[in-house]
Each structure stands twice: as C-alpha cells, then as structure tokens.
Amino acid sequence: MGALSFNEMEIDALGEMMNISLGASATAMSTLLGSTVHITTPKVKILTRDQFEFKKLEPAVGVEIAYVEGLEGSNIMMFSRNDVRIIVGTLLGEEVPDDKFELDEINRSAICEVMNQMMGASATALSEFLKFTVNISTPVSFEITDAESFKNKYFAEAIPMVVISFTLEIEGKLKSEFLNIMPEKLAKRLLEPFEISLEEAAEVQTENKESGSKAAEETAEKVIEEAAEKEKAIKGYEANSVKMRIAHEVGIPYELAGRLTGENEEALRKDAEGLIKIMGSQTHKAPPLKNTEPPVADTKTAAFKSMLDNMKGE
C-alpha cells in the first residue's frame, strides 16, 4: 500500500472522517436526484505515482474541487464516463443511450452541479467535525483521456497521494466505484484536531509493550474515554444524516427530521411513516426536479433549465 508518512491510526481516523463527510454527500445527492443513494465505508490508501491506477474506471472523468476557506489545496473526484451518463440522465429525467452520450457543456454543467451539492454537503459536515468553517470553489470537470498526463499533473512530485475509494449506489440505476484523491498536506490538515489523541495512543502502545506500567494504563484509559466521546459525536452526526435521508424518502419536511425517534433505521422509518399519516394532506414534499410547464422543442435544454430553476428555488 505504500503508507510512507501515515501510521495505521491516522489512516483509520481519515477513514472515519471521510465516512462522515461522504455520508452527508450521499444525503445531498439523494435529495437532488430524487433517488435513494448509498455510499459504502471508504477505504484509504496512500499511493505513489507508480502504484496508482484506475483502469476499471476508464474512460474516466475527473472533477476538481478546491477549498477556498478553512482548508488549503484541492481534491479530485474520479468516476467512469458511464457513471456520469447515468447520474446526468437521472438528474434531467431522461435516459441517454451510451452511444449518444457526449460530455458537452450541458452535461458538464450538470455533473458539476451534482458534485457541487455533494462536496458542499461534505464541507458542511467537515466544518461541524473540525469546528471551523470549510468552503469550496465551483467544481471543474474534465475528461481523462491519458493516464500519464493525469499523473503528470496530480502526481508531479515524488510525494504519494491519499486515495479514498468507495462504492456509490443509486438504487436501481448505478453501483460503481468512485475515487477521491487528495494531497498528503491536505489529509494531514484534516488530522490536526486528532493530533494529540493519536500521539497519546501511539505512546500508549509503546509504553504497554515496554513496561505495562500503571501510568501507561491510566493514559490508555484517558485515550479510550476520549475516543468514546468522539465515537459518540460521530454516531450522532450519522444518525442525523440517516434521519434527513428518511425524511426525504418518506416525504416529510426536513425541519421535522430531527423529531424522528428510533434505535435503528427501521424504527426511524416506521416513526416517519406514522408521522406522514398524521400530517396527511398537509405534508409538504420536496419540490419536483422536473418542470411542469409544457415542453419546448429542445428537450435537453428545457430539462437543464428546469434543473437549475429547482436548485435556485431550494
């Protein structure tokens, strides 16, 4: 794997952080597309230029997202061209055959808007977790026509990159691997809030191996308590993300999502369904993604216009 400057605990911490932020991304994407979206637990690897490859995604598309507040640097979301076709088709409400799909201006704008919503939600989640504001620039999409050219640009220095892989599933439409690529410096910045706990945990491991002393045991207990508090905060944020997704799927107002109760997702869904029955005809559902006005001659332009109008309305 080539983990040259991250230890095992740091990699695990990055995985937990990305799990939270990508969970928020899934909720945002689900709302935007009007479809249930699931994201698997991310896998974190530290890869050099020679180790990195993406043959399974070719022909691939990249979207670069730069941080403009709170964090410095940028990361790349990478996925296959076919994934873009399915996502854009879902967004615009039309199925485009593979042989007729082009990454033209409309489709580029559409996939950038999806990434903007996803990474915007991710930035908000990171803001809450890191306790400072994080904002992103407008995403920029590009086709990856040559692997070496891509590596020359993003793996130019002899420094490994952090590569996070996860499976994104749009229920009944798509199940595919996505990659998120970020520089070491950005990943290290994300870990700064955990720096003391991670160092103490590493010291505990060393002390336990060397002496097994009472001081080491006390330090271990302290680290475990802090880890438990962080885990509690993580679970709380994940629960809120699940509540928001269920609220969207069932059709209750997002402001009522926090009122849902239950020990697991099934119980939360039953509570939401009970609430929708009580609300009856007063339920305010999310605005439709498609315009109800009579279609114009250019259906693709009309669909894209409808998408943008709905986004502005939100």
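Mentor: Start with the term itself: a salt bridge is a side-chain nitrogen of Lys or Arg within 4 Å of a carboxyl oxygen of Asp or Glu. Keep in mind that this is a predicted model, where local features need pLDDT of at least 70 and side-chain atom pairs count only at pLDDT 80 or more, while totals for chains, interfaces and linings use all residues. Residues are numbered from 1 along each chain as its sequence is written, and side-chain values use heavy atoms, with hydrogens and water left out.

Searching the whole structure turns up seven salt bridges. Let's go through some of them.

One joins Arg85 to Asp98, with the closest N and O atoms 3.8 Å apart. Arg85 sits in helix α2 (residues 81-92) and Asp98 in the loop between α2 and α3 (105-130), so this pair links distant parts of the chain, 13 residues apart. By the way, helices (H or I, at least four residues) and strands (E, at least two) are DSSP runs, numbered from the N terminus. Arg85 counts as buried, at 16% relative accessibility, whereas Asp98 is partly exposed at 46%. Here buried means under 20% relative accessible area, exposed over 50%, and partly exposed in between (1.4 Å probe, protein chains only).

Next, Lys188 pairs with Glu10, and their closest N and O atoms are 3.5 Å apart. Because Lys188 lies in helix α5 (residues 184-191) and Glu10 in helix α1 (residues 8-33), this bridge ties together parts that are 178 residues apart in sequence. Lys188 is partly exposed, with a relative accessible area of 30%, but Glu10 is buried at 15%.

Then there's Glu148 with Arg49, whose closest N and O atoms are 2.9 Å apart. Glu148 belongs to helix α4 and Arg49 to the loop between β2 (43-47) and β3, so they tie together parts 99 residues apart in sequence. Both ends are partly exposed: Glu148 has a relative accessible area of 41%, and Arg49 comes in at 24%.

While we're on α4 (residues 147-154), its buried residues are Phe150, Lys151 and Tyr154. Looking down the axis, these fall within an arc of 95 degrees, so they line one face of the helix. That arc is taken from the directions from the helix axis to the C-beta atoms. The buried residues of α4 pack against β3 (60-69), β4 (74-80), β6 (140-144), β7 (161-170) and β8 (174-183), with contact meaning heavy atoms within 4.5 Å.
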